[in-house]
Amino acid sequence: MWLLIAFLVFVLVLSLFHLNKTYYVLAFFSKRIRTVNGEDIKKILPTLPGNTIFGNTFDTFGLDFVQTFKFFRHNATRMQRSYVTYMGGKTLLNVLDADLAEMVFTNSKLITKGFSYKFLQPALGEGLLMSTDEKWHGRRKMLTPAFHFNILMKFQEIVKEESIKFVQRMENCKGHEVALDKHVQKFTLDVICETALGVKLDECLNGDKYRENISVFEESFNKRLQYPHLWLDFVYKTLEEYKYLPALKIVHDFSSDVIKKKRQQFAQEFHSDETSEEQLYQKKRYALLDTLLRAEQQGLIDHAGICEEVDTFMFGGFDTTSMTLIFCLMNLSLYPEMQECCYQEILEQTDSDLSTLDITQLSRLKYLENFLKESMRMYSSVPTIMRTVVEETSLSNGLILPANSYIMVHIFDLHRNPKYFDKPDEFNPDRFLPENSVGRHPYAYTPFSAGQRNCIGQKFAMFEMKTLLVHILRNFKILPAVDAETLQFQSGIIIRTKNEVKVKFVERQ
Ligand code: HEM
C-alpha cells in the first residue's frame, strides 16, 4: 500500500516537474513565455524574482495604493529593463523598453485590452476604450472624424468660456494656497460635458449630483484591482457591487436623459439619415454626441451604444486631462524661470485680447507645448496600460507569448528610462526641442499610448490644456506650495497623489 502511495507521489512529482517546463506550476499554472528558437527566455528577458515560492502571486499582497505604486517603480530600478511576472495563473510581460513597446503597439493582433479593464465594464459598457475587434473598428471609424483638428475649432468658444470662469474662481483664492484637484476637475468636467453632450453641467438639473458621483467609475475599478479576490465576478457582485450601484445609476441616468432630450432636438434639425458630415459640423454648437446621433439615424448605433460612448468620453476626457494640468501647474510653480519663458512666449505669440485666442495662436506656443510634454513625461496621467494576448503571438525579439497572457506597458517607467532620457528625474522641457529629440526612439514617449489604440482625444486634450494655461498665465504668477519630493503617488488607472498638490496664484505686476 505504502509502496503504491510512494509510487503515485513519485509519478505526480515527476509529471509536475515535467509540466513546470510549460507552466509555472507554483504560480498556479501560469503558462510560461517561450522563445522561438527554444533558448532559455533569460537570454531575452529576466523574470522578476517573486517574494514567495508562488512566483509573483503574493508580491503586492497587503500593499496599499501608495506601496503598490512604489513596488512597480522599485521593480523598474531593480530590473533596469522589461521583465516577466507569473502570478495567480496569469502571465504578464512588463514592458519598460521602447523597442518592446513598439512591438506591442504596432502589432495588430494585440489590440484587446487587459483583464483589469473588465472592472470598468459596469461603468463604461463596451465603449471605445473597452471594445475590441469589429465593434472597436466600427466605432473608431465612426468617431475619428469628430476629433479632426478642424472640428476642435468648434470647441474653442466653450474651452475659452470655461477658462475665464476658472480664472474668476482663482481671483477669489488669490494669494492663498489652493489645492488644485477640485478646481481643475471642475474645469475639465465642465469642458468635456459641454463638448461631448452639448450641455452646461452648471445649468443641468442633476449636474451637481453628476459631478459628485462621477468618480465612482474609477473608485470601483481601483477597489477591484487592489484586491485579487474581487477579480472573481461572483465575489465582487456579492461583496462589493451594491456599494457602487446608486452612484453609477445617477451618472448613467444623467447622460441617458441628456441623450434622449438631445435626440429630439437633433431629429427636428436633421430629419433624414442623409445628413452629411459638413452639415453636421455647420451646427452652431456642435457636440460629439451629434456625430453619434447622426450614426443612429443611419442605423449604425443604438441608444445603449450612444450611452456607452458618451460615458467613455466623459471618463477618458475628464481626469486624464485634469491630472496633467495639475502637475503642469505644479511644475510652473516650481520652475519660475521656465514659467517666465512660457509667459513671455504667450505675450509674443498670442493676442492680448483673449477672445481672439484660437488654434493658430495656440500652435505657435512651442515652449509651452514642450513644458506640457515634459510634465506628461514625468507625471504620465495614465501610468500603465494593459493588453490581452488573445492567441499565441510571436514577437520580433524571439518571444512567444502564450494565449491568454497579458502585457503591461509601464508608461511611467518608460518615460523615466535613462536609455532614452538623459537625467530622467530632471525637469527639462528643452529635451523636446527638435535638435534634442534626434535619435530618440519614437516609442520612448507615449503619454497618449501609440499605434491603433492610441488616445482619440489627444489633440483635443492638448488644445484644451494650452487654452487654460494661457488664460492662467496671462492673469497670474504661480508660486510654489508643495515640494515635489514629498508627493506620494498612488497606483490606479489614473495617476493620483495621496497628498494634495497645491500652488498659489498671485497677481502679475
Ligand atoms: C492629457 C489627457 C489625456 C491622456 C494622457 C490620455 C491618455 C490615453 C491613453 C494612454 C489611452 C490608451 C488607453 C489604453 O490603451 O488602455 C487613451 C485612450 C483613449 N482616450 Fe485618452 N487621454 C487624454 C485625454 C483624452 C480626452 C480629452 C478624451 C476624449 C475627449 C480621451 C478619450 C480617449 C478614448 C475614447 C480612448 C480609447 C481609444 C481607443 O481605444 O480607440 N482621452 N487615452
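This passage walks through the overall build of a predicted model, then a helix, a strand hairpin and the ligand shell.

Since the model is predicted, local features are taken only at pLDDT of at least 70 and side-chain atom pairs only at pLDDT 80 or more, while totals for chains, interfaces and linings use all residues. Numbering runs from 1 along each chain as its sequence is written.

The protein chain has 21 helices and 14 strands (DSSP runs numbered from the N terminus: H or I of at least four residues for helices, E of at least two for strands). Its radius of gyration is 25 Å, close to the 23 Å from the globule rule for 509 residues, so the chain is as compact as a globular protein of that length (the radius is taken over C-alpha atoms, and the rule is 2.2 Å times the number of residues to the power 0.38). Along the principal axes, the C-alpha atoms fill a box of roughly 90 × 55 × 40 Å. Buried residues account for 38% of the 509; buried means 20 or more other C-beta atoms within 10 Å of the residue's own, exposed means 12 or fewer, and partly exposed is in between, with C-beta atoms placed from the backbone.

Helix H14 (residues 288-297) is mostly tucked away, with eight of its 10 residues buried. Among them are Leu288, Leu289, Asp290 and Arg294. The cover over these buried residues includes helices H5 (133-143), H8 (180-197), H12 (241-269), H13 (277-282) and H15 (303-334). After H14 comes Gly299, with a positive phi near 75°.

Strand S4 (residues 83-87) is largely enclosed by the rest of the structure, because five of its five residues are buried. Tyr83, Thr85 and Met87 sit on one side and Val84 and Tyr86 on the other, and both faces are covered. In a regular strand, side chains alternate between the two faces of the sheet. S4 runs antiparallel to strand S5 (residues 90-95), joined to it by five bridges (strands pair if DSSP finds at least two bridges between them). Tyr86 stands opposite Thr91 of S5. The S4 and S5 hairpin has two residues between its strands, and Gly88 there takes a positive phi near 50°.

As for the ligand, 24 residues surround it, the closest being Gly316, Gly317, Thr320, Cys455 and Gly457 (a residue is near if its C-beta atom, placed from the backbone, lies within 6 Å). H15 and helix H21 (458-475) are the elements giving two or more residues to this shell. By type, the shell splits into 12 nonpolar, nine polar and three charged residues (Ala, Val, Leu, Ile, Met, Phe, Trp, Tyr, Cys and Pro count as nonpolar, Asp, Glu, Lys and Arg as charged, and the others, Gly among them, as polar).

Key. Contact = placed C-beta atoms within 7 Å.
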